[in-house]
Amino acid sequence: MTTALLNARLVDPERGTVAPGGLLIAADGSIAARLGPDDRPEAAEQIDCNGLCLAPGIVDIGVKIGEPGERHKESFRSAGAAAAAGGVTTMVIRPDTEPPIDTPESLEFLRRRAAEAGPVRILPMAALTRGRQGREMTEMGFLLDGGAVALSDVAAVADTRIFSRCLAYAAGLGALVIGHPQDPSLSAGACITSGQFASQLGLPAVGTIAERIGLERDLALTEATGARYHADQISSAAGIAVLERTRASGLSVTAGTSIHHLTLNVLDIGAYRTFFKLTPPLRAEEDRQALVAALADGLIDVIGSFHTPQDEESKRLPFEEAAPGAVGLETLLPAAMQLYHAGALGLPGLWRALSLNPSRLLGLDTGRLTPGAPADLVLFDPDHPFVLDRATLRSKSRNTPYDLQRMQGRVEATWVAGRRIYAREAA
Amino acid sequence: MFAHRHLLGIESLSRGDIESILDLAETYVALNRRTDKRTDALRGLTQINMFFESSTRTQSSFELAGKRLGADVMNFGTAGSSLRKGETVIDTAMTLNAMHPDLLVVRHGASGAVALLAEKVNCAVINAGDGRHEHPTQALLDALTIRRRKGRLSRLTVAICGDIAHSRVARSNILLLGRMDNRVRVIGPATLLPAGIERMGVEVSHDMASGLEGADVVMMLRLQRERMDGALVPSAREYYHRFGLDAQKLRAAKPDAIVMHPGPMNRGVEIDGTLADDINISVIHEQVEMGVAVRMAVLDLLARNLRGTQEARA
């Protein structure tokens with residue numbers, strides 16, 4: 001069955017344009033043609049997009065799903081529903097589960113369970129070291145054969161010798177290693193970024209120098225081993241400075257950041273609000289502004305939600321003891337719209353970081369509106385205002401820092417491989 | 001007028017609030033010096049002291065304060081309690097809440113834990129120290145001691161020396177003394193000063209000679225044993241040499257300067273023993289005495305509000 005999406009504004013990250021038009025979707029689920037504003041092709045189904053924005057679906061690197069081990073926090077099914085409603089068409093999921101995804105067998109389990117996420121695409125990452133303990137490397141070759149798209153411990157591998165060997169071995173396989181740049185001895189026990197505010201709250205704190213040192217180390221090892229390295233989250237001006245120097249030296253590395261670090265700062269923690277406890281911790285406003293600028297300059301390649309479901313029990317604790325992380329699949333797009341409405345980035349620039357760049361990083365053909373590319377799409381209204389009520393989230397866990405916040409931007413519909421997997425119900 | 005349901009920190013107190021507490025505390029100082037120390041301000045009320053972190057001084061001070069006001073006082077320690085068996089702070093608080101206490105005095109090792117607990121219970125909550133955050137009754141008793149000795153609680157130069165980074169006492173004192181328009185200095189090695197301290201309205205000094213200059217009040221803080229062994233300072237003896245208060249270092253302060261310490265003291269680490277015992281200079285025992293009076297005042301004020309709320313409801 002062919003589908004024609006008409007009367008849309010096409011957000012094209014590849015061309016860097018927003019233009020009126022539409023898309024023709026072929027029966028095989030790929031984009032058959034780009035349509036001009038007045039084209040009315042023969043198609044079995046015609047959908048009027050009412051002048052809203054049509055963009056490639058979001059490719060979210062670093063989603064945590066509670067399977068295995070914590071299915072009460074999030075299952076493949078609930079995450080799939082949340083992703084579809086958030087315009088996320090590909091979830092690249094983290095191996096920091098219980099137990100971690102560190103063997104071909106656990107990867108196989110994951111693939112079977114992942115079918116439940118429905119039509120949203122699931123791509124697994126696997127651990128770099130066994131049990132994410134940072135002592136012995138995993139069977140990287142088998143894991144890649146089993147479908148792992150990247151290797152990551154979702155934490156810094158503390159032992160530099162072991163991390164160096166992991167990078168060297170991964171380099172031989174051409175594998176992508178996703179590092180978590182952080183000096184573990186500096187950040188041990190800390191739960192907030194150091195500074196006046198942290199001192200007032202009396203919480204154990206760490207400076208952004210821990211990120212700088214961690215990143216410097218990782219990049220030096222990357223240069224020495226020739227590995228493919230992506231930094232999962234750069235969160236500070238100190239980290240950006242390192243990235244800038246490295247890029248200038250010609251070393252090809254990529255970096256991501258989280259939507260939370262782009263839109264919130266340490267002061268949002270207020271009176272020990274644990275929904276704002278994240279890893280790495282929220283930074284100062286100057287860091288946030290530097291991140292936004294680095295994103296606009298293309299120094300930061302990828303924005304992710306770093307979706308981390310935590311139940312009420314894990315968060316209803318003193319700040320130091322509460323579990324870190326926030327859910328983000330459903331709020332990624334509206335939160336990203338804050339950057340658009342603030343004039344920091346245009347829609348094509350945002351979609352490069354949300355969709356095109358992560359696709360390229362993983363060697364996927366998504367993230368584009370070109371004929372032949374998969375019709376993974378999101379239709380959204382960038383202006384629609386609303387107040388977020390966390391009770392409406394589809395995730396099993398509702399630990400969002402945006403609760404009760406005024407937001408703009410609403411997903412109207414989501415397609416994966418040409419099939420509509422989400423359509424907003426008219427209120 | 002003291003319009004608060006809880007006492008969670010100095011942060012939320014106005015100048016007027018602080019003065020109200022201290023004025024009432026003065027009357028309890030007088031009462032406590034009489035042979036018959038009982039009043040019935042808290043008669044019929046139940047006070048639970050809930051110390052998740054062990055304490056001898058603060059807990060007995062609160063216990064005595066409650067008893068002298070006629071409350072039924074229960075101490076709830078955590079040694080061997082269900083908290084050690086994995087129960088959360090909130091669950092423990094809810095359990096106690098079901099016993100209908102009127103006043104809950106709480107100490108906890110995590111910053112913000114007392115405020116978190118206060119959200120979940122129906123009674124008045126008093127913070128008896130939360131992590132490195134606040135210890136409001138300590139700052140209030142220090143303030144009362146200063147006011148009685150100096151005749152005022154403003155336009156004074158107060159030096160706070162030692163482990164500021166890990167001290168809730170320092171934070172509450174900085175807030176209180178700042179609110180009352182005093183000049184506050186913090187003195188210590190950089191490893192014991194928290195980040196951004198210079199933006200908290202205080203002057204920062206790394207040596208005693210310049211830090212103590214012209215001080216009216218010198219507050220010494222306790223240095224925990226585990227922080228002396230090369231982790232944050234090289235050794236106890238080097239610390240004493242550079243930052244321990246003795247008669248010689250004190251000469252930089254005003255001739256009538258008073259010396260305070262929240263206790264328990266490490267003689268020969270942060271303070272010279274002879275100096276600590278000099279009753280013309282050291283007001284350490286007076287601080288303990290003021291502690292009971294200030295806690296009585298706080299319990300009394302919160303109980304009045306509690307009764308006011310109940311009457312309004314009835």
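1. Let me start in chain A, where helix α8 (residues 237–248) packs against helix α10 (residues 285–296) at an angle of about 30 degrees, the two axes lying 8 Å apart. On the α8(A) side the contact uses A:Ala237, A:Ala238 and A:Ile240, while α10(A) brings A:Asp287, A:Ala290, A:Leu291 and A:Ala294. By class, that makes six nonpolar residues, no polar ones and one charged. Please keep in mind throughout that this is a predicted model.

2. Two loop residues of chain A deserve a look at their backbone. The peptide bond from A:Thr279 to A:Pro280 is cis, with omega near -10 degrees, and A:Pro280 sits in the loop between α9 (259–263) and α10 of chain A. A:Tyr272 is also placed in the loop between α9 and α10 of chain A. Its phi is near 60 degrees, a positive value in a residue other than glycine. As background, most residues other than glycine have a negative phi, and most peptide bonds are trans.

3. Next, A:His72. This residue is found in the loop between β6 (58–63) and α1 (76–85) of chain A. Leaving aside residues up to four places away in sequence, A:His72 touches A:Asp311 and A:Lys396. With A:Asp311 there is a polar contact between the side chains, at 3.4 Å.

4. The closest N and O atoms of the A:Arg113 and A:Glu67 salt bridge are 2.5 Å apart. Over all chains, the structure holds 35 salt bridges.

5. How many salt bridges does the rule find across the interface of chain B and chain A? The count there is zero. Polar contacts are present, though: seven residue pairs between chain B and chain A, both residues of each pair being at pLDDT 80 or more. The area buried between the two chains is about 1400 Å², and carbon and sulfur atoms give 58% of that area.

6. Staying with this interface, 21 residues of chain B are in contact with 16 residues of chain A. On the chain B side, the elements that give two or more residues are α3 (89–97) and α4 (113–118). The largest share comes from α3(B), with three residues. Sorted by class, the side of chain B that touches chain A has eight nonpolar, seven polar and six charged residues.

7. Now the sheets of chain B. One is an open sheet of four strands in the order β2-β1-β3-β4, with parallel pairing. Its edge strands, each pairing on one side only, are β2 (72–77) and β4 (124–130). From one strand to the next the twist averages 15 degrees. Strand β1 (residues 46–51) of chain B is joined to β2(B) by six bridges, and B:Asn49 has B:Asn75 as its bridge partner in β2(B). Helix α2 (residues 57–68) of chain B packs on this sheet, touching β1, β2, β3 (103–108) and β4, with its direction at about 180 degrees to that of β1(B).

8. Which strand order does the open sheet of five strands in chain B have? The order is β7-β6-β5-β8-β9, with parallel pairing. Here the edge strands are β7 (203–205) and β9 (258–260), and the twist averages 20 degrees from one strand to the next. Strands β5 (residues 157–161) and β6 (residues 183–187) of chain B run parallel and are joined by five bridges; B:Cys161 stands opposite B:Ile187 in β6(B). Helix α5 (residues 136–150) of chain B lies across β8 (217–220) and β9, running at about 165 degrees to β9(B).

Notes. Residues are numbered from 1 along each chain as its sequence is written. Chains are lettered from A and ligands numbered from 1 in the order in which they are written. This is a predicted model: local features need pLDDT of at least 70, side-chain atom pairs count only at pLDDT 80 or more; totals for chains, interfaces and linings use all residues. Side-chain values use heavy atoms; hydrogens and water are left out. Two strands pair if DSSP finds at least two bridges between them. Axes are lines fitted to C-alpha atoms, for helices over the stretch in contact, and angles run from 0 to 180 degrees between N-to-C directions. Contact means heavy atoms within 4.5 Å. Buried area is the accessible area (1.4 Å probe) that two parts lose on being put together, summed over both. A salt bridge is a side-chain nitrogen of Lys or Arg within 4 Å of a carboxyl oxygen of Asp or Glu. A polar contact is a pair of N or O atoms within 3.5 Å; within protein, one must be able to donate a hydrogen and the other to accept it, and residues adjacent in sequence count only if both atoms are side-chain atoms. Ala, Val, Leu, Ile, Met, Phe, Trp, Tyr, Cys and Pro count as nonpolar, Asp, Glu, Lys and Arg as charged, and the others, Gly among them, as polar.
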